[in-house]
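Subject: Structure handover

Dear colleague,

I am passing on the structure below, and after it you will find notes on what turned up when I went through it. Please read them with the model open beside you.

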Amino acid sequence: MSAVLRTAPAIALKVLVRATDPARRELLRRLVVDAGHLPVDSPSAADAVLSDRLPAEGFASMPEPSPLFTPREVEVLAAIGAGLTSKMIARRLAISPHTVKFHVESLLRKLGARTRAEAVAKAREQTLRNTVEF
C-alpha cells in the first residue's frame, strides 16, 4: 500500500463506485475506504464518481458537477450575502483585502457569475435545487 493511501485525506469525499463486475466494484469500494473516503450508493449524495467505464453517451450524459467551495469561500460568500464590502469582510475574517478579492474571484468563477450579487443568487438557487424536502 502506498504512503498516499495510508495517510488520511484532509477532507473525506463521498464516492459513488460504479463497476459492472461485482468483485471489481467491491475492490474499488475497499480502495475508497482505505484512502479515507466514504463510499455511497446514491449519485445525489456523491462528491465524486469512480467508474470502470463511461456511460454509452460519454461525458455529455454525465451531470454537471456542483462546485466545491473551501470553508473560507463559504464564509466570504455568506458575508457577501450579508451585504458586506471587501474591506468589511477582510476585517471580520482577519485576512487581507487582497485575499478577499482572491476568494471572490474564485467564487465568481466556480458559480459562473459576473457580479457578487449574481454569485449569491446562483449559490442560493443551487442550494434550493440540491435540498430535499420530506
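A90 lies in helix 4 (helices are DSSP runs of H or I with at least four residues, numbered from the N terminus). With a relative accessibility of 4%, A90 counts as buried, a word that here means under 20% relative accessible area with a 1.4 Å probe and protein chains only. Setting aside neighbours within four places in sequence, A90 is in contact with I95, S96, P97 and V100, where contact means heavy atoms within 4.5 Å.

This is a predicted model, in which local features need pLDDT of at least 70 and side-chain atom pairs count only at pLDDT 80 or more, while totals for chains, interfaces and linings use all residues. Residues are numbered from 1 along each chain as its sequence is written, and side-chain values use heavy atoms, with hydrogens and water left out.

The largest nonpolar core has 18 residues, and V76, I80, I89, V100 and V104 are those with the most contacts inside it; such a core is a set of buried Ala, Val, Leu, Ile, Met, Phe, Trp, Tyr and Cys residues joined through side-chain atoms within 4.5 Å. Two or more residues each come from helix 3, helix 4 (86-93), helix 5 and helix 6 (116-129), and helix 5 gives the largest share, 5 residues. Beyond its neighbours within four places in sequence, I80 is in contact with I89, V104, L107, R116 and V120. A second, separate core of 5 residues includes V15, V17, A19 and L28.

Best wishes

Conventions
Buried means under 20% relative accessible area, exposed over 50%, partly exposed in between (1.4 Å probe, protein chains only).
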